Amino acid sequence: MRKMIEGSRGVAEAVGLCRPGVISAYPITPQTHIVEELSQMVADGDIDAEYVRVESEHSAASVCLGAVAAGCRSYSATTSQGMMLMAEVLYNIAGMRLPMVITGVNRALSAPLNIWNDQQDTMAIRDSGWIQLYAENNQEVVDMHIQAFKISEDDRVLLPVMVCMDGFILTHTYETVDVPTQEQVDAFLPAYDPLYKLDPKEPYTLGAFAGPEMYEEVRYEIQRDALASKDVIGEVARDFQAAFGRWYGDVLDSYRCDDAETIYVAMGSVIGTMKDWCDMRREQGEKIGVLKLRCFRPFPQDELRAALAKARRVVVLEKAISVGAYGILAAEIRAALYGQAATPPVHCAVVGLGGRDITFDTLDEIESKTRAGEMDFFAGLRREMLEAG
Amino acid sequence: MTATAKKPRRKPPLGIVTKPGSSLRNRTGPWGILRPEFDWGKCTGCNTCESICPEGCIRHLEKKQYEADTEYCKGCGMCAAACPFSAITMKEEHR
């Protein structure tokens, strides 16, 4: 049913339709509305789940870990500092190969304290073994959560999935969203059937100990399955399209890239602005295209090579920075293109940190700077502030 | 929900699911280089060593006689440090 709802409400409804048994979360801006809505839905009896209130994100993730280990579909959501506090448990959930879904609402990291959007928080979790999907708009956010449980619980995957959505820009924006029916979601997403679970009748220890004689092989398997999960992500996207009629690409989605000489790459909600800007530039006769990464982990290396094969220039927009190196996504795209006969220059524009708006002016500035040959730079810097000291 | 034929399942990922008893199966004694040596002449049978051992590997043989199970003793030395009668000495052991 088509509804005009806030992005957070959309997430809550989508999660409810996935019938989680346990939800545990600690409220933190701008994730709060999602878990407020879910706790209300549980309290009203709209969904048959246990909502476990906790004193921290570390505990929220731990509750979910235990619940999935006991064979129960589980969900949490967090952002920013909460994501950092969860980090230890997030590695454990992935390491124990426990399927679950977390909404990673994207927000800047302290210090200085900032509650607004960038993607530093989830990018900091990129090496944990979680699959990371980034959504462009609220319809994709809703649909991505339903896909996420299916990807996560697939026997070939058994890895947790983080659905990343830009804080405020998506969470607090009202958009028309087509929310599927319970029957549709039930037909698409069967009940969770755990491969193994904690059971007093047949006791197990999960993730206990692996010494030097075994640990590498365990890590090899998680890497192998994470890389192979790309196929499942594409398969689930196609199944979803067949069932619901909506398609966002599998691991990538390209916009006007077929004859593009310059391809702009980014993740998340900024893609919408970039598409409009691309249309404007196209009207001026410039062959620009936009490539969206839906899936950052596993990293779609081969797909990026194919999608950028004909580009003469690549420009990556980064809402995060590896301090002391530079843009994370640009570095990985450069690595992905390395070793081919001809590789285009890959420019890196760090942009939109701490909620700074990314406008057509910002994109114009990036275009002129990269045309002038700048490789790694911050776009939209207020020089007057730096000079004033 | 549509009923479908049950799909064959994969093996659990390596090293994640452990059946009970692994701390008995994994002999951790070889990790250590020190072993407790018990002087039964000084021992009063007070049981301090047995109760403090974090591995639970000290056995009470008779009233004033204890010994460590070297298959599991990592040589941490807590028994020697705690013994009120200095009846335990940590000795280097080369395997």
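Guide: A:Ser80 is buried, because 30 other C-beta atoms lie within 10 Å, and the cut-off for buried is 20 or more. Please keep in mind that this is a predicted model.

Visitor: Where does A:Ser80 sit?

Guide: A:Ser80 belongs to helix 4 of chain A, and its phi is near 45°, a positive value in a residue other than glycine. Most residues other than glycine have a negative phi, and most peptide bonds are trans.

Visitor: What is phi of B:Ser86 near, and is B:Ser86 buried or exposed?

Guide: Phi of B:Ser86 is near 50°, again a positive value in a residue other than glycine. B:Ser86 is found in the loop between helix 3 (78–82) and strand 5 (88–92) of chain B, and B:Ser86 counts as exposed because 9 other C-beta atoms lie within 10 Å, where the cut-off for exposed is 12 or fewer.

Visitor: Which residue does a cis peptide bond join to A:Pro112?

Guide: A:Ala111 is joined to A:Pro112 by a cis peptide bond, with omega at about 0°, and A:Pro112 lies in the loop between strand 5 (101–106) and helix 5 of chain A. The peptide bond from A:Thr29 to A:Pro30 is cis as well, with omega near 0°, and A:Pro30 is placed in the loop between strand 2 and helix 2 (32–43) of chain A.

Visitor: Now the helix pairs. At what angle do helix 3 and helix 4 of chain A cross?

Guide: The axes of helix 3 (residues 57–69) and helix 4 (residues 80–95) of chain A cross at roughly 25° and come within 7 Å. That makes helix 3 of chain A roughly parallel to helix 4 of chain A, because angles under 35 degrees count as roughly parallel. The crossing is right-handed, and the residues that meet include A:Ala61 and A:Leu65 in helix 3 and A:Leu85 and A:Val89 in helix 4 of chain A.

Visitor: And how do helix 6 and helix 8 of chain A cross?

Guide: The axes of helix 6 (residues 138–153) and helix 8 (residues 215–244) of chain A come within 10 Å and cross at roughly 130°, which makes helix 6 of chain A oblique to helix 8 of chain A. Helix 6 also passes helix 8 of chain A in a right-handed crossing. Among the residues that meet there are A:Gln147 and A:Ile151 in helix 6 and A:Val232 and A:Phe240 in helix 8 of chain A.

Visitor: Which elements of chain A give two or more residues to the side that touches chain B?

Guide: The contact takes 20 residues from chain A and 14 residues from chain B. On the side of chain A that touches chain B, helix 7, strand 9 and helix 8 of chain A give two or more residues, and the largest share, 3 residues, comes from helix 8 of chain A.

Visitor: Last one: which residues in helix 12 of chain A are buried?

Guide: The buried residues in helix 12 of chain A are A:Thr362, A:Leu363, A:Ile366, A:Glu367 and A:Thr370. They cover an arc of only 140° around the axis, which puts them on the same side of helix 12 of chain A. An α-helix has 3.6 residues a turn, so residues three or four places apart point the same way. On the other side of helix 12 of chain A, A:Asp361, A:Ser368 and A:Arg371 are exposed.

Visitor: What covers the buried residues of helix 12 of chain A?

Guide: The cover includes helix 9 (270–283), strand 14 (313–318) and strand 15 (346–350) of chain A. Just after helix 12 of chain A, A:Gly373 takes a positive phi of about 100°.

Methods: Residues numbered from 1 in each chain as written. Chains lettered and ligands numbered in written order. Predicted model: local features only at pLDDT ≥ 70, side-chain atom pairs only at ≥ 80, totals over all residues. Helix = DSSP H or I, 4+ residues; strand = E, 2+ residues; numbered from the N terminus. Arc of directions from axis to C-beta. Contact = placed C-beta atoms within 7 Å. Axes fitted to C-alpha atoms, helices over the stretch in contact; angles between N-to-C directions. Parallel < 35°, antiparallel > 145°, perpendicular 65-115°, else oblique. Left-handed = near helix turned anticlockwise from the far one by under 90°.
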